[in-house]
Amino acid sequence: MEKYLKDLKSEIDRSEILPILIDYQEKFGFLNYDFISALSERANLPAGNIYGIASFYPQFNFSPKAKYNIKLCSGISCHLKNIKELKAEIFKHTKLNSNGFSSDGKYSFEFVNCLGACAQGPVMKINDKHYINLTKMDIIKIFHELE
Amino acid sequence: MTKLKQEIIQRLNTEPLSDKFYGLSKLNITIPHIYCEISSSSIIAGIKDSIQEIKKYFTELDIEYKLFEVSCKGAYHYQPSISIQMPGMNAISFKNVYYNEVTNLLDSVLNNMLPMNKSLILAQYFHPDLSSWSDVPDIEDLDFFRLQNRKLLKYNGIIQANSIESYLEYGGYRAFAKILNKKTPLDVCKELEKSGLRGRGGGGFKTGEKWKLALNNPSSKKYFICNADESDFSSKSGILLIESNPHMLIEGVLIGAYAINASDVIIYINNNHKLAIERLEKALEETLEYGLCGEDIFKSAINIRISIHKGLGAYVCGEETALISSIEGKRAIPKAKPPYPSEVGLFGYPTIVNNSETIFNSVLVFRDGVDNFKQSGTYLSYGTKLYTINGNADFPGIIEMDMGKTVNDILKIVSLPENYNSIKAVHLGGPTGVFIHPDNFNNQITYDNLSKGSLWFGSGSFVILNENNCIIDITKYYLDFLNKESCGKCIPCREGTQQLLEIIKRITEKPDSNIRHDSLIRFKGLLQLKEISEVMQQTSLCGLGKNAPESVLSSLEFFDEEYEDHIFEKNCKAGVCTDLKEYVIIVDACVGCGICAKRCPTDAIIGCAKTSHFIIQDKCIKCGICLDACKFDAIKVN
Ligand SMILES: Cc1cc2nc3c(=O)[nH]c(=O)nc-3n(C[C@H](O)[C@H](O)[C@H](O)COP(=O)(O)O)c2cc1C
Ligand code: FES
């Protein structure tokens with residue numbers, strides 16, 4: 001983060017904040033408080049304002065994700081293909097808590113809106129890898145491999 | 001001025017365009033040409049693996065070849081798709097070429113033979129001076145393409161998205177060059193007005209008129225914004241266009257900026273569309289290098305700076321005033337209109353916001369002429385419209401149709417005839433769209449939603465629903481989405497979506513207790529749905545709240561029997577609303593084998609071995625696994 005901040009301009013215009021936040025999250029996976037407060041100094045805005053901008057977009061994370069971050073598509077096409085069962089199967093394998101994290105901290109889970117392969121649904125993404133045409137058997141296999 | 005820039009001016013003004021078009025089939029080819037269709041969806045479908053396999057194949061055999069990355073045809077069911085042209089032969093297109101098919105395919109095609117696996121063959125691009133493949137249809141004869149009117153998508157599957165030369169070859173930037181040479185900004189606005197082009201983003205405002213408003217504003221600084229947010233996830237048409245032809249978008253925004261005298265263009269795009277951003281950035285670099293944007297374009301003393309602004313997928317960000325707030329670095333909350341952005345917009349300056357598809361269409365108007373543009377479409381709705389086909393389609397993908405076509409016309413392309421009868425409804429227009437009953441499948445889809453019975457396309461998302469889908473479940477799905485995405489500024493929208501959702505949820509769930517008049521309470525909910533919807537439509541601040549009840553109202557109007565089924569019979573015919581059910585174990589029949597408890601994904605079944613088990617209803621997700629697992633028929637569904 002230090003290095004990232006060093007490369008950043010010392011004065012930041014308000015309209016540049018969102019792209020910077022996006023860029024930061026892409027590199028580090030989540031927005032931490034230190035970064036937001038450092039940014040707020042340079043943009044000459046209260047940290048609460050920056051947090052306000054970021055919290056508007058549901059895709060910003062404020063805490064790190066687990067080692068395996070599971071994203072199950074709940075876009076309309078995948079929704080029509082009955083992802084309820086798949087979700088149940090995932091929950092069974094990962095033993096998720098209500099906050100979306102498994103108790104051993106290995107998995108985190110979230111629903112996302114369309115992963116972009118609607119014709120090949122249902123679609124799941126674990127970290128950067130896509131799994132298409134998912135069935136229950138696929139999920140059992142995938143988790144077997146991950147363990 | 002550099003030599004390159006001068007060359008370009010020369011070329012744009014003098015080089016004639018060949019009017020014959022043979023797709024990928026080209027003369028004078030000496031080595032095999034391989035064209036791989038790359039788009040964000042084909043990458044997920046596995047095109048990259050196939051490409052690797054192709055490269056491996058050729059290096060192992062040490063054969064000379066050329067590999068091109070071309071744009072995607074928009075037919076999702078054909079992905080991953082590649083085309084090959086052998087010297088002297090027509091180019092031929094293959095579909096579903098997964099990496100394990102590559103070797104066999106190339107083995108035969110390189111010997112000028114068709115592959116054994118006939119299901120891979122799609123079509124050929126016919127050329128009169130080349131020999132054709134026997135028994136392979138011409139691509140223009142395939143129903144999927146023949147029944148469309150592909151104007152914006154004409155070069156999809158052919159043009160190389162990451163090369164400006166490829167765009168120039170197909171007539172790129174000529175419209176802009178012509179405008180710079182011969183037309184004043186006012187001419188441009190007037191011509192666009194004449195073409196009758198209207199915004200494709202959902203508002204349907206006349207684009208020419210809008211530009212003229214901004215042009216007539218004397219402000220010294222103006223902005224032109226391309227709304228490529230595509231925040232409605234079920235609609236991918238804008239992104240497909242940008243991915244396949246980023247230069248056309250750039251040409252369009254250049255025309256727009258010139259027409260309103262704006263010196264700054266901002267392309268607002270959702271960061272989730274990585275490939276589109278990557279290609280746009282590359283395209284911008286190229287245009288700068290060729291002197292097509294930036295300072296003093298073509299020595300005309302006109303400066304147009306183009307920048308890309310990334311957003312991060314919130315539905316309401318697509319609304320123009322919210323989008324402007326987002327660019328300004330504020331929370332993306334819509335503002336009351338008027339004042340319209342064309343008067344007070346970004347940073348207080350006049351601003352034009354246009355949908356990406358509108359901008360693509362404006363290039364067509366100037367490239368092919370107003371009359372040509374007006375040939376497609378119907379009265380007051382000219383041109384074509386892209387639809388994203390989702391749901392239970394046999395051929396999902398993105399298709400382009402004339403304005404004024406009917407739902408049936410579209411179904412003919414994307415559905416097999418034998419599946420027609422199972423289609424229960426179509427949902428058109430994304431989250432704020434409407435359900436269409438089969439009785440209305442013959443109504444035209446146009447802007448003119450005032451005239452009786454015509455339909456409104458909204459974002460262009462077209463979801464086909466059949467017997468296995470529950471209308472109420474989908475209404476709930478969209479309401480849930482809108483409820484989450486509502487920015488929370490105005491009360492009718494924030495509270496309205498919440499209340500609508502609660503009522504619908506109650507209908508799809510098992511009654512809390514077995515009170516007798518429960519059904520009546522639910523039925524009362526239906527009446528309240530209408531009341532709340534009316535208030536939302538009249539008092540919400542932006543289009544999200546105004547149109548949020550559309551799905552609810554149209555489902556109430558056309559599918560009331562499904563509501564009645566849910567309320568009075570507690571029955572979902574499609575079997576989707578499982579929450580209406582209750583699974584219980586019959587104590588006497590259960591032998592306590594424990595199979596169900598082991599299979600249960602949520603550990604909702606408890607009990608000791610050899611004694612009757614019990615289902616904890618709060619944990620049960622009604623997946624039905626236990627029902628299948630039980631060998632003793634000890635589980636029943638209420
Ligand atoms: C909730 C909401 C979401 C919208 N989303 C988009 C969108 O994703 N893309 C878009 O181009 N327009 C969207 N619009 C419409 C824009 O506000 C605006 O009308 C449009 O960009 C104008 O461009 P046009 O004249 O070319 O149609 C949305 C409007 C509302 C109310
Ligand atoms: S809806 Fe799941 S990938 Fe699009």
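Biologist: Which side chains meet in a salt bridge, N to O?

Modeller: Keep in mind that this is a predicted model. The pair is A:Glu26 and B:Lys274, with 3.4 Å from N to O. That counts because the cut-off for a salt bridge is 4 Å. The rule finds 1 salt bridge across the interface of chain A and chain B, along with 12 residue pairs in polar contact.

Biologist: Which elements of chain A give two or more residues to the side that touches chain B?

Modeller: Those are α2 (17–28), α4 (47–56), α5 (76–80) and α6 (84–94). Sorted by class, that side of chain A has 17 nonpolar, 12 polar and 6 charged residues.

Biologist: And how much area do chain A and chain B bury between them?

Modeller: The general idea first: the size of an interface is often given as the accessible area lost when the parts come together. Here the two chains bury about 3,500 Å², with 60% of it on carbon and sulfur atoms. On chain A's part, A:Phe56, A:Ile76 and A:Leu80 supply 19% of the area buried against chain B, more than any other three residues.

Biologist: Now the ligand. Which atoms lie by the oxygen atoms of ligand 1?

Modeller: A side-chain N or O atom of B:Asn355 is 2.4 Å from one ligand oxygen. For B:Lys210, a polar side-chain atom lies 2.9 Å from a ligand oxygen, while B:Arg200 uses a backbone N or O atom at 3.3 Å. The protein buries 89% of the 610 Å² that ligand 1 exposes when taken alone.

Biologist: Which element supplies the largest share of the shell around ligand 1?

Modeller: That's β9(B), with 3 residues. By class, the shell has 3 nonpolar, 9 polar and 5 charged residues.

Note on methods: Residues numbered from 1 in each chain as written. Chains lettered and ligands numbered in written order. Predicted model: local features only at pLDDT ≥ 70, side-chain atom pairs only at ≥ 80, totals over all residues. Heavy atoms only, no water. Polar contact = N/O pair within 3.5 Å; in protein donor to acceptor, adjacent residues only side chain to side chain. Areas by Shrake-Rupley, 256 points an atom, 1.4 Å probe, with all protein chains shown as cover. Helix = DSSP H or I, 4+ residues; strand = E, 2+ residues; numbered from the N terminus. Nonpolar A, V, L, I, M, F, W, Y, C, P; charged D, E, K, R; others polar. Buried area = accessible area lost by both parts, 1.4 Å probe.
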